[in-house]
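Biologist: Please take a close look at one part of this model for me. I want the packing spelled out residue by residue, with every cut-off stated.

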Amino acid sequence: MFCQTTPLGSSCLDLWREKNDRLVRQAKVAQNSGLTLRRQQLAQDALEGLRGLLHSLQGLPAAVPVLPLELTVTCNFIILRASLAQGFTEDQAQDIQQGLERVLETQEQLGPRLEQGLKELWDCVLRVSSLLPELLSALHRLAGLQAALWLSADRLGDLALLLETLNGSQSGASEDLLLLLKTWSPPAEELDAPLTLQDAQGLKDVLLTAFAYRQGLQELITGNLDRALSSLHEVASGLCPRPVLVQVYTALGSCHRKMGNPQRALLYLVAALKEGSAWGPPLLEASRLYQQLGDTTAELESLELLVEALNVPCRSKAPQFLIEVELLLPPPDPASPLHCGTRSQAKHVLASRCLQTGRAEDAAEHYLDLLALLLDSSEPRFFLPRSRPGPCMPELFLEAAVALIQAGRAQDALTLCEELLSRTSSLLPKISRLWEDARKGTKELPYCPLWVSATHLLQGQAWVQLGAPKMAVSEFSRCLELLFRAIPEDKGQGAASNCEQGCKSDAALQQLRAAALISRGLEWVASGQDTKALQDFLLAVQICPGNRDTYFHLLQTLRRLDRRDEATALWRRLEAQTKGPQEGAIWSLPLYLESYLSWIGPSDREALLEEFQTSLLESCDL
């Protein structure tokens, strides 16, 4: 391409530079525009203009006098494209690679290096940059974009090597990326340089903030609290945009809560709420803090506010046409304290905490609201618990039924249980085959029998509350029939015994059997049939020796039947267990089952043992 000089004496280089400057100004005008459509159109037009200008420049043989402008246009094009797309793509990596290859072309050093990767190209380019001081500023700008791309892709090793080279060190001794970023000193932009959307110093500030934030959050998740505090304070003291500052303050609050500094934690959470409209994470963290402090009222108020906050559509700010900190942050990690989930998930946390803290009426209403919310969205599928975070739909039904029974709304609980049975009835014919597969080790322990059996268990308890003992015994018996038919006896075989999920379901299965036997036994006791009750309690002890409630019910029944020797032996065993260390549950149980087991336990075990000891001593005196 041949370029003549215009009558005003402007060369093609001047024209290309003027075009670059005009397009940069256009992008900045778009950035400040309040009209979304105009803003987008102006930015898109500027992007296409930069693309065309870059093609014109790259259509000529690489020349040192033109390269500062060419590299500047490349950087502007990458910045605008990445900001419009809200992320980096492979295309941006190719644009960087082409820019580096153009530099090497001027030194006739490209040749076989076409097959090299970006890391090797950067090594070559930065080695020859001492011969090309006029390119240094543009190269550092391009290096800033490369660093941003590698940080977003989590290629921290390559990023560290690039920064070491930029800092003039090849030792590879420093593994502190934050220190390497701070040490990086991009050259100052010349006053007469072509306009840029973002200079190297601006990119450095963004990289520092983004990396410190990522590092701090990771340290918080892994429990390195001192290092997390250091990194997060680094972010808060830097040029941190407000949306990120909300997250930083929330993370600092979480960090101080875990370190046992509740007042400082609360100060940071209040600051997070004042900083912006993203109230979800600080409210969730506040609920954890209040739970830790034992302030249940404040905890539930925070959760209620969280549900309301997640109901308000989040207005995302219009992105700036720059590489921003948010662009370099990883997607939310469910393990992160900043992950507050959806409105339905928050509603479940609120409902379950109300249930756990004895606020049964509130729990019942929250569960009914939650089920209505989920059922109105679309017909829910019945996922296994590990298919997604939180309980699956059948467990939500069961938790809701427990809350209704606890709130004295037995009839509503029966209605809910019937709805659950209607939704799972189609799976019942498959239960025998599923358990057979589990026994043979071809599949894991299925959950459907647990849900169906638990539903009959809760129906039985609802009939107890309604004063219908025959209906209650019938439901408890139906529950037991399903459970005894479903359990594989050869536990050493089968996939379920070899995985955490299977062990959890097996523990729940044992406790369900014990709960049904105890519940039916209590109904026999209420109707004066102690012999039948004794059979159920003895079987419960055999099936689930870890459930101490069965021993206490058995002890009381043996006393009533005047079987003193057996009662005394059992009392001595219970007394030894009470004085010894308590064994914790190996596997956590579903919330609905934990709540149910709390209902059928003796009200005061210590008083029962003391009472039996007194009667035993009296009989000895006689």
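A word on the basis. This is a predicted model, so local features need pLDDT of at least 70 and side-chain atom pairs pLDDT 80 or more, while totals for chains, interfaces and linings use all residues. Residues are numbered from 1 along each chain as its sequence is written, and side-chain values use heavy atoms, without hydrogens and water.

Now the geometry. Two packed helices are described by the angle and the distance between their axes. Helix α9 spans residues 200-222 and helix α11 residues 242-258. Helices are DSSP runs (H or I, at least four residues), numbered from the N terminus. The two axes come within 11 Å and cross at roughly 30°. Each axis is a line fitted to C-alpha atoms over the stretch in contact, and angles run from 0 to 180 degrees between N-to-C directions. α9 and α11 are therefore roughly parallel (under 35 degrees; over 145 is roughly antiparallel, 65 to 115 roughly perpendicular, the rest oblique). Their crossing is left-handed: the near helix is turned anticlockwise from the far one by less than a right angle.

Rings of Phe, Tyr and Trp (its six-membered ring) pair if their centres lie within 6.5 Å; planes under 30 degrees apart are stacked, over 60 edge-to-face, the rest tilted. By this rule there are 2 aromatic pairs. One is Y249 with Y268, a tilted pair at 5.9 Å centre to centre and 40° between the planes. It links distant parts of the chain: Y249 sits in α11 and Y268 in helix α12 (residues 262-275), 19 residues apart. Y249 and Y268 are buried (under 20% relative accessible area; exposed is over 50%, partly exposed in between; 1.4 Å probe, protein chains only).

Compare Y596 and W599. Their ring centres are 5.4 Å apart and the planes lie at 50°, so this pair is tilted. Both residues belong to helix α26 (residues 591-599), 3 residues apart, about one turn of the helix. Y596 is buried at 1% relative accessibility. W599 is partly exposed, at 24%.

Notes. Helix = DSSP H or I, 4+ residues; strand = E, 2+ residues; numbered from the N terminus.
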